[in-house]
Amino acid sequence: MKDKIVMPLWTCCLFIVVMNTTMFNVSLPVIINDLQITSDLGSWVISSYSIGYALSTVIFSRLSDRVPVRKLLTIGLLILGLSSLLGLFAHSFAVLLLTRILQSAGAGVMAGLGLVIASRYIPLERRGAAIALISSGSAMAFGLGPIVGGLISEYWGWNGLFAITVLVLLALPVLLYFLPRETSSRDNPFDMIGAVLTVINAITLLVAITQQSWIWFAIGVLSLVAHIWYIRQASLPFVNPDVFRTPGYIRLILIGFCIVVNLGNLFLMPLVLADLFGRSSLTIGLLIAPGAIVAAFCTRFVGRWIDRYGNIRFLMIGHVLLAAVLALFMLGLNQSAFIITAGYLFFSPALSASMASLNNETSRILPKAQIGAGMGMLQLIQFFGGSMSVAVCGLLLHSIPGVSVEKAYHVVYGCLLFVCLASLVIVVWHHRASHSGVVQNQSSTAK
């Protein structure tokens, strides 16, 4: 595989896919006004894409153990690109919602297969750089999405946002030309019942979080219990329990969940700049963008350093930087708007480096036959961490009695700092456990 061509192009497509969320965030007020819908209904323009994107990510990742990557990529990008063409002419909420759901069904192919092809076809000595490059695409999208969305909505209307996503169709023939040809595997049948149960688990629990509904939470828990029972009965379930028996995998799952909790900061920063400093949407995007650009610039170096010095070292460095920035925000948030800009200059590359190190470490410990299932599950857990973080941060901001808005932000950032420090403890634990395992294996070999 020509990874020097495939991986940069894949990163560009992933950038577009992730930006498809952040662009609509800033355009949502305009959409609500144009279509004359309520805010609760309008929120599904974002939620429907986020939920579907997470589910299609793990499904495409799991299918890669059975179906050739080229075929999955063709299906995913055609669904994404053609549904985006439909979005250009969406002038009712029903058509808009249908378009977003269809987009999400195809969008997961980029996140779901990106780590799979990097883990499967790129040598270990270059894999860290490739995974870091993929992570930079997401980081750039979070930073530049609000700016791009604001500019397009202002000059071309919100329908113009779909034109950006159509561009993935241009990348499809190039990727198909350079990706290796595979044969279908009949040894790994696809568990449709397990996939449906996974979808039900995710939807019910995410709706429970976003709607703060105990009824949906109870339904989600019951569906989860039913799914666990099914996994014990099935011979080759969609959620492969064998991956959880891989030494160190559960620790990495916990770290992945905690790392993406930091995505709550991406939700908080625009609110801080608007609530405490009265900045406009475009100004907020411009204040946040430098951090995303720095993260993308650092990618070429971080990837090489990960390959040279190891994943655990950069997981520790990334966590320390994240904790330092969160502490800065917690203590000095009200001093200046440029505190956000300065802090994000370190936060964004630290988050990208941590994610790249985590993904690379996970791909290293997983057996080749379980890479699709293991990486897909990791991404689904990360999505839950990010979604839960945003929901809980929003809830805390408005549910602390007798506390001003400014103090509420301090409390929320304190909670994020606590989770970050807890994640650092798990990283140290993983490092010691892995080192102990290596020493024991060397002793056994010597004997």
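Leu124 is partly exposed, at a relative accessible area of 46%; buried means under 20%, exposed over 50%, and partly exposed in between (1.4 Å probe, protein chains only). Leu124 belongs to helix α6 (residues 124-156). Helices (H or I, at least four residues) and strands (E, at least two) are DSSP runs, numbered from the N terminus. Apart from neighbours within four places in sequence, Leu124 is in contact with Asp307 and Arg364, where contact means heavy atoms within 4.5 Å. Between Leu124 and Arg70, 54 residues apart along the chain, the C-alpha separation is 22 Å.

The model is predicted: local features need pLDDT of at least 70, side-chain atom pairs count only at pLDDT 80 or more, and totals for chains, interfaces and linings use all residues. Residues are numbered from 1 along each chain as its sequence is written, and side-chain values use heavy atoms, with hydrogens and water left out.

Arg364, one of the contacts of Leu124, also forms a salt bridge with Glu361. A salt bridge is a side-chain nitrogen of Lys or Arg within 4 Å of a carboxyl oxygen of Asp or Glu. The count by this rule is 2 salt bridges, tabulated here.

Arg364 and Glu361 both lie in helix α15 (residues 338-365), 3 residues apart, or about one turn of the helix. Glu361 is buried, with a relative accessible area of 3%, whereas Arg364 is partly exposed at 44%. In the other pair, Arg245 is exposed at 59% and Asp242 is partly exposed at 35%.

Helix α14 (residues 311-332) has 22 residues and reaches 31 Å from its first C-alpha to its last, close to the 32 Å expected at 1.5 Å a residue; the expected span is 1.5 Å times one less than the number of residues. Buried residues in α14 include Phe314, Leu315, Leu322, Val325 and Phe329.

The chain as a whole has 17 helices and 0 strands. Its radius of gyration is 21 Å, close to the 22 Å that the globule rule gives for 447 residues, so the chain is as compact as a globular protein of that length. The radius is taken over C-alpha atoms, and the rule is 2.2 Å times the number of residues to the power 0.38. Of the 447 residues, 54% are buried. The C-alpha trace spans about 70 × 45 × 45 Å along its principal axes.
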